[in-house]
Amino acid sequence: QLSVRNDRPAVCVLEDGRHSLQRGADGYQNLYSKASYSLSELVARPHMLSPKAALRPIVQDTLLPTVAYVAGPGEISYWAQLKGVYTAYDRPMPVVVPRASFLLVEPKIQRHLERYKIDLTRFLSDPQAEIQVLFKEWIPGDISQGLSVLRQEIDRIWPGLRGEALRLDPTLESVVDKSRDQMVKSLHQLEQRLAQAISARRESSGRQLSAAAEHLVPEGQPQERQLNCVPFLVKFGPSLFEKIGRQLDLLNPAVQVIHLG
C-alpha cells in the first residue's frame, strides 16, 4: 500500500505547498521547486517538514500515545507495513481496530430494490450491468414470437379459408377480406401497444434504478467515500444517529446495510 523509495525520505517540505523530497549527491531536492537543502538545513528547521503516511503514526503516537487506532480498509492495509517502523523508533504499536462501515438506504431506494428484486451485492459491484440484465429480462420474447407465429398461420390458412367461404357464398368476398385485414391490423396494434409498454416501463424503471445507483454507488464509488452526513441529517434530523446506532454492529468489519425507513 505504501510506496517506499530509498531516495525519498518519509517527510515532505512545507514551502508553497507540501512537496516531496528526493535525496541526491548534494543533499535533498524539492521535487516541485527544484530547490536544494542540506541535511543540516532541514534538521535546523523542523517546522518546514511534514510526515508522510509511513511516519505520521510515529509522530502522533510520540506526541499522544495511542492504545488503539480505528482505521478504514485502506489504512489497515498500510498499517500492516509499519511494524518495522515502530520497532526502529522503539515505540509500542497500537492495536489496529477496523472501523464500522455501512451503507445508508433511504425508504424510497429500499422500495426500488424490493420492487425489482435487486441483488444488492451484485448491484453494488456493477450497477449498470445489473440494470441491463433487468432490461433484458423485461423483453417479452415469448409474446413477440407468438405474434409472429400467429401472423404466419393467418397467411398460411387464410387463402384456403377464403376459397371455401367464397364457394359457399361469392357475395362474402368483401366481408372475408375485411375480416383478414382487421385481424392483421389488430395484431399490429397489439405489437405497438406492447412496444410502448416496454418503452414506458424501461424509461420509468430506468430513472428509478439510476436513482438507486446514484444513491448507493455515487459516481461509481462506495457511498461512504462520496457522501457526507449533511444531506441525510437534513432529511432525517437527529433520528439519523438513532437509526444507525440501533442497527450498527461496531465490531463487524463487513459493510452493513442501514435502513432509514
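Is R99 buried, partly exposed or exposed? R99 is partly exposed, with a relative accessible area of 31%; the class lies between buried (under 20%) and exposed (over 50%), with a 1.4 Å probe and protein chains only.

This is a predicted model, in which local features need pLDDT of at least 70, side-chain atom pairs count only at pLDDT 80 or more, and totals for chains, interfaces and linings use all residues. Residues are numbered from 1 along each chain as its sequence is written, and side-chain values use heavy atoms, leaving out hydrogens and water.

**Salt bridges**

The structure holds 11 salt bridges, each a side-chain nitrogen of Lys or Arg within 4 Å of a carboxyl oxygen of Asp or Glu. Three of them are listed here.

| Pair | Closest N and O atoms |
|---|---|
| R99 and E224 | 3.2 Å |
| R162 and D177 | 2.6 Å |

R162 sits in helix α8 and D177 in helix α9, so their bridge ties together parts 15 residues apart in sequence. Helices (H or I, at least four residues) and strands (E, at least two) are DSSP runs, numbered from the N terminus. D177 is partly exposed at 28% relative accessibility. Salt bridges with shared partners also join D119, R122 and E130 into one network.

R162 has 25% relative accessibility and counts as partly exposed, as does E173 at 39%. E224, the partner of R99, is partly exposed at 33%.

**Surface**

L64, in the loop between α2 (56-63) and β6 (68-71), counts as exposed at 63% relative accessibility.
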